[in-house]
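Work through the exercises below with the model open. Try each task before reading its solution.

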Amino acid sequence: MTLIIVFAVIGFILGVLVFISEPSLEDFFAPLFGAVMLGVIGFFLAVFITLCLPTKTVADPQIMLHNLRNDSQISGSFFLGIGTIDQTQYAFYSVNESDGAITFHQVRMDSIRVYEDNPDGAYLQTYHNVFAQDWYHHIGLDPMGSSKAPEFHIPKGSVDNHYQLK
């Protein structure tokens, strides 16, 4: 991000110098034009640099899942629901927020991993990418996304594919 700002400032300064050397009505917008043009060049350079810099995957804080309860005859805890929207399968889950609200979310099934390994409840583990070196953010844009799929950790024995609702 710093690289974009530096290029924009240099463009503005060059534009002011052009305007000062030969002040005319036509050159009135030279500082602004210089800042915009070099800012755009700086942006594309920063995008290119961002794509070339090494990144690493970092785990986000765990998101505790809310236990979905219902009135049916089925006993147990339900942390994930699975459904189809426009022929795409989704996992539906709910989260207890810090202010006491329960929020509902969905994620595509082909982009998650489910582990039956947590005896104390259920949580979602997400990840994001950061630059391998902290100072890289001065010359590039912050990396987006993650190379690692979100992971649902649920109590052992929770997955049951052999039940019917009546």
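**Exercise 1: Salt bridges**

Asp 110 and Arg 108 join their side chains in a salt bridge, with N to O at 2.9 Å. The model is predicted.

Solution. 
1. Start with the pair of Asp 110 and Arg 108. Asp 110 has 60% relative accessibility, so Asp 110 counts as exposed. Arg 108 has a relative accessible area of 39%, so Arg 108 is partly exposed.
2. Turn to Lys 148 and Glu 151. Their closest N and O atoms are 3.8 Å apart.
3. Lys 148 is partly exposed at 40%. Glu 151 is buried, because its relative accessible area of 7% is under 20%.

**Exercise 2: Aromatic pairs**

Task: Determine how the planes of Tyr 90 and Phe 92 are arranged.

Solution. 
1. The structure holds 4 aromatic pairs.
2. In one of them, the ring centres of Tyr 90 and Phe 92 lie 6.4 Å apart. The planes stand at 45°, so this pair is tilted.
3. Tyr 90 is buried at 15% relative accessibility. Phe 92 is partly exposed at 28%.

Task: Is the pair of Phe 131 and Tyr 136 stacked or edge-to-face?

Solution. 
1. The centres of Phe 131 and Tyr 136 are 6.0 Å apart, with 80° between the planes.
2. Planes over 60 degrees apart count as edge-to-face. The pair of Phe 131 and Tyr 136 is therefore edge-to-face.
3. Both Phe 131 and Tyr 136 are buried.
4. Ring pairs also bring in Trp 135: Phe 131, Trp 135 and Tyr 136 form a cluster.

Conventions
Residues are numbered from 1 along each chain as its sequence is written. This is a predicted model: local features need pLDDT of at least 70, side-chain atom pairs count only at pLDDT 80 or more; totals for chains, interfaces and linings use all residues. Side-chain values use heavy atoms; hydrogens and water are left out. A salt bridge is a side-chain nitrogen of Lys or Arg within 4 Å of a carboxyl oxygen of Asp or Glu. Buried means under 20% relative accessible area, exposed over 50%, partly exposed in between (1.4 Å probe, protein chains only). Rings of Phe, Tyr and Trp (its six-membered ring) pair if their centres lie within 6.5 Å; planes under 30 degrees apart count as stacked, over 60 as edge-to-face and the rest as tilted.
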